[in-house]
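Reader: I'm new to this one and would like a close look at a single part of it. Could you pick a spot and walk me through what surrounds it?

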Amino acid sequence: MPHTNPTAQAASLPYPYEPPTQPMSAAAFGPVFKAMAWFILLALMVWCWRLKIDWRSAQGTWLAVVWAMLAFMVWHIQRSRIVLDHLAIEQSWMWRRRVTLGELAYVKIMRIRGLEHLVAPRIYVRNLGGKFTFFYCHDRAMLDEFARIAQALRQHEQRV
């Protein structure tokens, strides 16, 4: 990754936002949400096992494939992280999500206050090309930082 000066990057942003000097990194999903995902996956496995299905049949194969897909998603919920640095917002997931700060056109934080432990907060981002991306973020400090970015973009939009 090329090393650039964070203050030079901030000066090149078209909106009044000062990115963090050190990268911010946090889990995308909270511990209660992760525990619920694992519980649902394991409870589904127990329920499927008790169905008395012939696992060598097409029905058993499809059920195993569906359960494996859910396990793949739960594994990524467990490992997913979000990073905000002076260049971009990036999240590891089943695929990598990345939007550079210079391309941001719109940021909105979507969450249900008081239920962040059950419903993972989302950061809705649109770039200058109109492409929408969702990021998941559980960390309060990072949510506050995203609120600062959204405010800076609104200020810039009002001036233009």
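Predicted model: local features only at pLDDT ≥ 70, side-chain atom pairs only at ≥ 80, totals over all residues.

Author: **A loop and its neighbouring strands**

Residues are numbered from 1 along each chain as its sequence is written, and side-chain values use heavy atoms, with hydrogens and water left out.

Read from the N terminus, the order of elements is α-β-α-α-β-β-β-β-β-β-α. The protein is more spread out than a compact globule, because its radius of gyration is 20 Å, well over the 15 Å that the globule rule gives for 160 residues. That radius is taken over C-alpha atoms, and the rule is 2.2 Å times the number of residues to the power 0.38. Along its principal axes, the C-alpha trace spans about 65 × 35 × 30 Å.

Now for the spot itself: Ile 112. You'll find Ile 112 in the loop between β5 (104-110) and β6 (122-127). Ile 112 is partly exposed, as its relative accessible area is 42%; the cut-offs are under 20% for buried and over 50% for exposed, with partly exposed in between (1.4 Å probe, protein chains only). For the protein as a whole, 36% of the 160 residues count as buried. From Ile 112 to Arg 122 is ten residues in sequence and 9.9 Å in space, C-alpha to C-alpha.

What about the strands on either side of that loop? β5 and β6 pair in the antiparallel sense, over six bridges; strands count as paired if DSSP finds at least two bridges between them. One of the pairings to look for is Val 107 with Val 125, its bridge partner in β6.

Follow the chain past β6 and you come to β7 (residues 132-136), which runs antiparallel to β6 and is joined to it by five bridges. Here Arg 126 has Phe 132 as its bridge partner in β7. The hairpin of β6 and β7 has four residues between the strands, and in that hairpin Gly 130 takes a positive phi near 90°.

Conventions:
Helix = DSSP H or I, 4+ residues; strand = E, 2+ residues; numbered from the N terminus.
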